[in-house]
Amino acid sequence: MNINGILQIVVYLAVLLLLVKPLGLYMARVYEGENVVINRALGPFERLIYRIAGVNPDEGMTWKTYAVAVLVFSLISGLVVYALQRLQAGLPLNPAGMSAVSPDLAFNTAVSFMTNTNWQNYGGETTLSYLTQMLALTTQNFVSAAVGMAVLMAVIRGFRARSSQTLGNFWVDLVRGTMYILLPLSIILAVALVSQGVVQTVADYKTVPVLQATTYQVPHLDAAGQAVKDASGNPVMDTIALTQTTIALGPAASQIAIKQLGTNGGGFFNANSAHPLENPTAFSNFLELLAILLIPAALCYTFGRMVGDTRQGWAILIVMTLLLTPFIVLAYSAESNGNPRLTALGVDQTSSAIQSGGNMEGKEARFGVANSALWAVTTTAASNGSVNAMHDSLTPLGGLAPLAMLSLAEVVFGGVGCGLYGMFIFVIIAVFVAGLMVGRTPEYLGKKIESYEMKMASLCFLILPLMALDATALAVVLDVGKASVFNPGPHGFSEVLYAFMSQADNNGSAFGGLGGNTVFYNLLGGVVMLFGRFWMMIPPLAIAGSMARKKVVPPSAGTLPTHNALFIVWLIAIIVIVGALTFFPALALGPIVEHLMMIQ
Amino acid sequence: MLKQLRPALLILAIFTVITGVLYPAVITGIAQVFFPYQANGSIILKNGQPAGSALIGQSFDDPKYFWGRLSATAPFAYNASASAGSNLGPLNGVLTQTAQARIDALRAADPGNTALVPVDLVTASASGLDPQISPAAAEYQAARVAKARGLDIAAVRQLVAQNTTGRTLGMLGEPVVNVLQLNLALDDRQLK
Amino acid sequence: MSAAQTGTSKKRALFESSIVRRAAVDSLKKLNPALMAKNPVMFVVEVGSVVTTILLLLPHGAHQFGFNLQITLWLWFTVLFANFAEAMAEGRGKAQADALRKAKSETTAYKLKSNGEIEEVASSHLRVNDKVQVIAGQMIPGDGEVIEGVASVDESAITGESAPVIREAGGDRSAVTGGTRVLSDRIVVKITANPGETFLDRMIALVEGAERQKTPNEIALNILLAGLTIIFLLAVVTLEPFAVYSGAPQTAFVLISLLVCLIPTTIGGLLSAIGIAGMDRLVQHNVLAVSGRAVEAAGDVNTLLLDKTGTITLGNRQASEFLTAAGVTSEELADAAQLSSLPDETPEGRSIVVLAKEQYGLRGRELANLNVEYIPFSALTRMSGIDMEGRSIRKGAADAIDNYLKQNGDGSGRGIPDEVRATVDKVARQGGTPLVVAENGRALGVIHLKDIVKGGMKERFEQLRAMGIKTIMITGDNPLTAAAIAREAGVDDFLAEAKPKDKMDLIRREQAQGKLVAMTGDGTNDAPALAQADVGVAMNSGTQAAKEAGNMVDLDSNPTKLIEIVGIGKQLLMTRGALTTFSIANDVAKYFAIIPAMFMVVFPQLAVINIMHLRSPESAILSAVIFNALIIVALIPLALRGVAYRPMSAAALLRRNLWVYGMGGIIAPFIGIKAIDMVIAAIHLV
């Protein structure tokens, strides 16, 4: 670790926290239907959308209606994404001539985008046409994010309602979130990214000559497409001269902006934000990093403002920040220490003025270890899933940090909207146990937490272990699961564990060595993502519905304060203990044992 | 359920047009008007002809060129239409073998050099297309390149410095040397 | 039957040998899976124990037999210890129920037939609305209401209080309880409960826990514990495939040990004992709650309505001063006051006589010698007095005398003179009750009746305030008097000149704001409010209507006890919360014991995590299992007694309990497991 790396982390967090209040306030005003300047210009258009769609914007929905609307919209979204992939070969805007995506991969990708996961079993520049990227992926990047935020708004309204039945109107929340929050921010970010060198074009891939002509070898294939082997059983290789290279291009900036802002993470290119055309400079990297946590962080303030007590929002933001920071430090320090196996070869991994040093495998020179570690932890804290370094090549403890963030159920910032409503589940559990400890039926924001709320909260915190652990167990016993593992030993186990935790959490990042594009992983992963999204979404809505009907108990000295330091510490303890107790055995067999083997 | 079907279909359709077509189109328009160089891949022109991208690395193994990061793209290194990292775990034997092979190649091209090898020269980048290396990695190779080209090492170092980008605002990111641009500059200098 | 036998007034030793013996037997009976299934956490342990037992009996069980056998035994002990805790809590109740049952023995009832004849019937044949006669020395055969006569009754069988109480027809002291004994006089009782539904029956059922239903918070906690159990079940079940993949497969014994150590057995095993013990603690305080729900609600109370008289102040007001009107001597006033009070048997009346005697040497006169007509207090006139030999003396509240003077005064139609009214106001402002004395149409002056606030009330209200509970004093006094007493007693608010409807409105108003209200009451006119309040504590001395309306009955009829009831309710919840935290915090140490033990064979590097330096993998696992079982036993006293509770703010309570049970829960098992490991090593158990 060096001073400059620490400084970058501090500056990042400081800028992020400075933006929380203005953006949070703005979002609260958007969702409350207050005047936010652009709605003056776009207001008529907003009302036109409601008229076309047959929506009465003043009609409140019960939690059940709200949930049904969310599910119907998501289902249709999934179907559209699936159809576009399967039909892309015959549709326009396909300059690279991509063929139809296979059914299982199309299913996985459709689920991946409708659930705001953006797990990439596809390789952007090698699988999808420009049209699919734009109509299916970019659109879903917007609306699946807006769905998460809308559900959060419904949940917040449930907390603050006084003996009410309704939680707002899903269609209104969806339209406002997309038009007034995600679109304007994306336009600003996309233009800024283009200025840094992110490509934005609908022209064909560009072929350029290489400066030094080289050759490479590929297996010689027979007429049937099988690799030919020589007498001794070695494959026969063809040598091919390389004099030019084709650079994949496309309308990347517009998609990258929203994939960062909407905690989507699905890259335009396979290498995601490590790709130089997706994230060309240190400054573009800073902007993209900022975009990962920007909305989830600001939503804390939005929440506080909407329930009329901003201290509640700040308390949660502090909890998130305090949970995030140690893992950034852990990852940065582990990556800085580098790989002892390379040191043994005579490799210089020390940090100095002229090199970042540390474990540079799977990292870009312009980012170095500090920015890569920072990104790895923030992208897994938020359920973003974009990467600017290959997580599979992280050191064991460097990889433990993102795995740990995943095991905290994506409530440390988390996905836009879903992170915060997931956090409420932990708040409810923390309030419940603490409430008992002070001898009162627990209450949060003046609403009593009773058995119905506990039932729903328990359903929520079950889903991550249920999906992640069971799917991992299945994959490591079945041959089809084991066959995709890339790295040997405990690291291979981490690959599988990471994959299913990431999908159950709707994160989307991966230990990329795992060959995920198989029928087994595509289907199982798709199911895990579906449950991870909607099983996490319905119970909080149900809680909101139940909370909305309750009377508000006025606070007194006997009320457990949920905004002071003590509660912050308690909430952190609950989150860490539940996460650690659930995943410690698995993590012990993955990164922990790998680390101990490495330092031996 | 059915009552929500119409808004679901229509709102998705409307947003597909707005966010899926209009939004990228507007960004493309702005990009092509205000940032045509960046928006089209930062293509370097040499005598009016494209000579690679300033942002996409290329494979070098000739001693007279600076070498870049290792690349794990398939089927050949620095395949700019199939970005990928190696995904090798830290204890994977292939990682050390690959690193050892690079070290051997570097040593073979520059027998007298006994310095420790900067880590970015023996590791694969995340994208497989990393256009840059650390100043340390450039310095490690400067003597070799100078010798192969019969140049004064100071001249080579000067070119390295010219193609080095410092930290943004003195703080963000890491200082880096653009390998392709540096090698183009070296060739240019020799032609003169 | 003496009070000591009933056990309701005396605290039982925590581990009384007879209870322990019965509990030991019951804990075996409770192994019945149908009963265990009600407690998901312990059910999982039982299933685990059964599985290990079967595996042990299978042929290949011989491998590591000693270790596996010990694990199996300790798993069974874990279940038994939890059952024992519950049986202990129940046993204390059962012992009490047995004592109460003795009071319920069959008695002969003397039933009054409609024609006035008396028929002897067994008490078990009495029905509602039967009338029975009870005379001195007889047992009252069933719950009922005195409709004729007055008697002193020994209620020690119910209350443990040996001093007899007066029960009389009409008014608020008419309720009698079956199984109590009439000591003097004769009363006629109308039976209000059929046999089997009497107060005593209810009380027996309650203390026995026969009708115990889970309370709302207990249900919610059970859901959380079930959720955690499922999570750990998932974590352990999936660990085996992970272990196989990593080349370190585990035996079922080890996996079940890990599971049992991780699931919250400590709280799961003690949860129902805590609930039963909470009710039991209430019984120890001589309070009966109709449901556990009411006890929990007591912990949540935001507002306490307290009657001034008897709760905040001593029941009796005392005359402290004679304040004369202009032109009247003190002696004149004292004389008139004393005369008018002579026939007045109320404590206030007597205190006036005494004050006159002490200050002015006026001796009480025998009224019989005088030709006196006594005008008793009535709700209509709200004054009392005497008429004798040309003197007509009245005393009463200022406005009542004012009215009286206007109608019966000197003909001028004037009421109380302004200077007397000023005195009245002054007394009221000081918290006293002014009684105006008038003779022959002229106001003589004012008697200052003073309320005596009970000692220590101010401190108690301060504690309540710290707990966030608002106290409201209810009084029939005028606002000035009420304000002064409220100030002196330190209550937060008061309701003056309260009529039953005002009380009801106040409760509704508080509840509309989402607050929970507790109150005490005894009269029939309190019944609607008692029913409306979230916690309504009826005085045992009160009317049947009041007892039916409330959800608790205080056998001691001590209204101040409401404050203790709140404490008991809070303590019940706190004990659950504290042990939940403790239980979960324990898991940290257990992981550090078991995970390295499981995988050290394949990954020796994991020895680093064995921070307790446990001797061997077997010893580590066994130590964790033994600790897990023993901690249940160790915490039984805490579960039965409840965690120490001192009134303080929620934030302060949380900080304290987190330190004790959170940090304690993390640290204790490290020490405990290490100690057990050392013992195991010393005696070569594995």
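The following exercises, with worked solutions, concern a predicted model.

**Exercise 1.** Determine the strand order of the open sheet of seven strands in chain C, and state which are the edge strands.

*Solution.* Step 1: the order reads S10-S22-S21-S20-S11-S18-S19 in chain C, and the pairing is mixed. Step 2: strand S10 (287-289) and strand S19 (493-495) of chain C each pair on one side only, and these are the edge strands. Step 3: from one strand to the next, the twist averages 20°.

**Exercise 2.** Describe how strand S20 of chain C is joined to strand S21 of chain C, and identify what packs on the sheet.

*Solution.* Step 1: strands of a sheet pair through backbone hydrogen bonds, either parallel or antiparallel. Step 2: S20 (residues 517-521) and S21 (residues 535-539) of chain C run parallel and are joined by four bridges. Step 3: C:Val537 in S21(C) stands opposite C:Thr520. Step 4: helix H18 (residues 500-512) of chain C packs on the sheet, where it touches strand S11 (303-307), strand S18 (470-474), S19 and S20 of chain C. The direction of H18 makes about 160° with that of S20(C).

**Exercise 3.** Characterise the largest nonpolar core and the second, separate core.

*Solution.* Step 1: the largest nonpolar core holds 390 residues, of which A:Phe170 and A:Phe424 touch the most other members. Step 2: helix H21 (residues 562-599) of chain C supplies the largest share of this core, 20 residues. Step 3: with neighbours within four places in sequence left aside, the contacts of A:Phe170 are A:Met61, A:Tyr66, A:Ala69, A:Val70, A:Phe73, A:Val147 and A:Ala150. Step 4: the second, separate core has 37 residues, among them C:Leu339, C:Val353, C:Val436 and C:Val446.

Note on methods:
Residues numbered from 1 in each chain as written. Chains lettered and ligands numbered in written order. Predicted model: local features only at pLDDT ≥ 70, side-chain atom pairs only at ≥ 80, totals over all residues. Heavy atoms only, no water. Pairing = 2+ DSSP bridges. Helix = DSSP H or I, 4+ residues; strand = E, 2+ residues; numbered from the N terminus. Axes fitted to C-alpha atoms, helices over the stretch in contact; angles between N-to-C directions. Contact = heavy atoms within 4.5 Å. Core = buried A, V, L, I, M, F, W, Y, C linked by side-chain atoms within 4.5 Å. Buried < 20%, exposed > 50% of the residue type's maximum accessible area, 1.4 Å probe, protein only.
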